[in-house]
Every structure is written in C-alpha cells, then in structure tokens.
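Please look at the sequence and the structure first, then read on.

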Amino acid sequence: MKHDHSPVLPGPGATDYARYMQTDALLGLQRSPGEVIHRDELLFQVVHQSTELWLKLAAAELAEATARVVAGQLPMAEALLVRATLAVRLITDGLEMLRYLSPVDFRAMQPALGKGSGAESPGWRQVQATSRQLGHAFGEQLDTRGVPAADLCPADLSDPLHRLAEAMVEWDERVSLWRVRHYQVALRIGGHPPAGSPGSPANMLAKLAGHRFFPELWQARLHSTADE
Ligand code: HEM
C-alpha cells in the first residue's frame with residue numbers, strides 16, 4: 001500500500017516535519033560554505049545557536065516555575081525547574097564540542113564574529129532575569145509561610161518547600177558548573193591568561209563561577225554544618 005506523504009500543514013517546507021519544525025529556516029541560519037572565512041564557523045555557530053535554544057527553553061520553564069511558586073503550586077514549580085536544570089546540563093555538555101576547535105582556527109574565524117561575545121547572549125540574560133524572579137517569588141513564599149531559609153537544611157524531602165529549595169540549589173550549582181567549564185574553554189581556546197593575571201578577561205569569568213542566585217539557600221547549608 002502506498003502512503004500519501006504530501007503535507008497537510010500550511011507553510012514553507014516539503015513535508016509536515018519541515019513545515020512544523022521550520023527546518024528550512026533553521027538550517028538556513030548558519031553561514032554557508034561560500035560565506036564562511038573558516039570551515040569551523042559551522043561548529044562554532046551550531047554550539048552557540050543550540051545553546052540559545054536550550055536557554056530559551058530554560059528561561060520559559062523558569063518563568064512558569066516562578067508563576068507556580070506565586071500560586072503556591074510548589075511540586076509543579078520543582079518539576080519545571082528540574083527541566084531548566086537539565087537544559088543547563090545539556091549546554092554544559094555542548095561545550096565539549098569546542099574541545100575540537102583549536103586556538104589557531106578560532107583566531108582565524110574571529111574577524112567573522114565582529115566584536116561579538118557570548119557575554120551578549122540573549123539566552124543567558126533571560127535566564128539570569130528569570131532566576132532572580134524565581135528567587136524573589138520563593139522568598140515571598142518563605143515569608144508567607146513564616147519559614148526562615150535557615151530551616152531548609154537539613155532538607156525534609158517529604159516537604160514540597162524543601163524539595164523546591166533543593167532543586168534551586170542544584171540549579172545554582174549547574175549554572176556554576178557551566179561557568180567553570182566555559183572558563184576552561186575560554187582559557188584553552190581564547191588563549192587568555194588565567195584568573196589572577198592583571199587585565200585578563202578570565203578574571204571576570206573566575207569570579208562569576210562563584211556567583212549564586214539563591215545565596216540564602218547556600219547560607220542555610222553553612223549553618224546546618226556549623227550546628228553539627
Ligand atoms: C571559543 C569559545 C569561547 C571563548 C574563547 C569564550 C570566551 C569568553 C570570554 C573571554 C568571556 C569574558 C567576557 C569577554 O571578554 O567577552 C566570555 C564571556 C561569556 N561567554 Fe564565552 N567563550 C566561548 C564560548 C561561549 C559559548 C559557547 C557560550 C554560550 C552562549 C558563551 C557564553 C558566554 C557568557 C554567557 C559570558 C558572560 C560570562 C558569564 O555569564 O559567565 N561563551 N566568553
């Protein structure tokens with residue numbers, strides 16, 4: 001029996017898959033072999049563009065998680081935060097591909113990048129803004145419930161508030177792990193002097209690796225160790 005593969009969805013693309021996923025547009029977003037000044041531009045663009053997509057998802061999940069915290073739906077907030085965390089794990093793995101980009105090849109493609117830096121990443125900005133909103137909403141929940149942050153550790157995993165706090169700690173940790181990995185990439189490929197060398201961009205990266213969105217949750221862990 002012959003199957004009818006003609007698309008039923010509207011829009012550009014030869015198949016419904018191409019139309020729904022917009023693969024023509026998506027796969028047209030990388031510079032063509034005729035446009036590139038170095039063939040590794042494709043590797044470089046794919047790592048960055050896929051990172052932006054995962055960060056788009058992460059920010060959307062964080063925003064919804066925040067709305068759930070405001071609504072007092074803590075288990076749902078936790079589930080959404082766990083998804084965002086997995087997205088950050090995936091982009092951390094994505095950095096592995098840059099292992100195969102040599103400093104010489106990176107320098108050769110740099111004129112194509114203009115003054116661009118990942119520090120301008122819209123995905124990262126969005127994720128930072130939504131992380132701060134989540135922290136704010138969580139703080140308000142603690143106030144409403146009259147629970148001091150210090151009481152969240154040791155965690156009682158049967159309590160949705162504690163479970164969410166643990167997921168928030170993991171989120172902070174995963175973002176930091178991305179930053180540590182990215183710092184190593186910048187040293188390895190960018191040829192930057194390591195942190196501590198005056199004027200090195202690595203100074204900022206090393207400092208950011210210690211950044212926490214939810215410092216009070218880390219503080220709570222500190223107290224719990226001191227009490228033991
Ligand atoms: C060849 C690979 C890479 C090199 C050499 C590199 C280098 C750097 C350097 C030197 C900085 C410090 C600020 C500056 O001087 O502009 C920086 C910041 C940053 N880069 Fe990269 N980077 C690379 C790949 C990536 C990738 C794949 C992403 C993902 C979007 C990214 C995202 C960022 C972000 C978000 C910052 C701001 C610092 C932070 O929030 O931790 N970079 N990068």
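The C-alpha centres of domain 1 and domain 2 lie 34 Å apart. Domain 1 covers residues 1–30 and domain 2 covers residues 43–227, according to the domain assignment. The model is a predicted one.

**The chain as a whole**

The protein chain holds nine helices and zero strands. Along the principal axes, its C-alpha atoms fill a box of roughly 65 × 60 × 30 Å. Of the 228 residues in the chain, 21% are buried. Taking the contacts between residues at least 6 apart in sequence, 66% join residues that are at least 24 apart.

**Around the ligand**

Which residues come nearest to the ligand? They are Ser117, Gly118, Ala186, Gly190 and Pro201, out of 22 residues around the ligand.

H7 gives the most, with six residues. By type, the shell around the ligand consists of 13 nonpolar residues, eight polar residues and one charged residue.

**Helix H6**

Helix H6 spans residues 122–145, which makes 24 residues. The distance from its first C-alpha to its last is 35 Å, close to the 34 Å expected at 1.5 Å a residue. Gly123, Val127, Thr130, Ser131, Leu134, Gly135 and Phe138 are buried in H6. The buried residues of this helix pack against H3 and H7. Just after H6 comes Gly146, with a positive phi of about 65°.

**His192**

His192 is found in the loop between H7 and H8. Is His192 buried or partly exposed? His192 counts as partly exposed, because it has 17 C-beta neighbours inside 10 Å, and a buried residue would need 20 or more. Apart from its neighbours within four places in sequence, His192 is in contact with Ala186, Leu187, Ser200, Pro201 and Ala202. Two of these contacts, Ala186 and Pro201, are also among the residues that come nearest to the ligand. Asp159 gives another reference point: His192 and Asp159 are 33 residues apart in sequence, and their C-alpha atoms are 46 Å apart in space.

Notes
Residues numbered from 1 in each chain as written. Predicted model: local features only at pLDDT ≥ 70, side-chain atom pairs only at ≥ 80, totals over all residues. Helix = DSSP H or I, 4+ residues; strand = E, 2+ residues; numbered from the N terminus. Buried ≥ 20, exposed ≤ 12 C-beta atoms within 10 Å, placed from the backbone. Contact = placed C-beta atoms within 7 Å. Near = placed C-beta within 6 Å. Nonpolar A, V, L, I, M, F, W, Y, C, P; charged D, E, K, R; others polar. Domains from an automatic or database assignment. Expected span 1.5 Å × (residues − 1).
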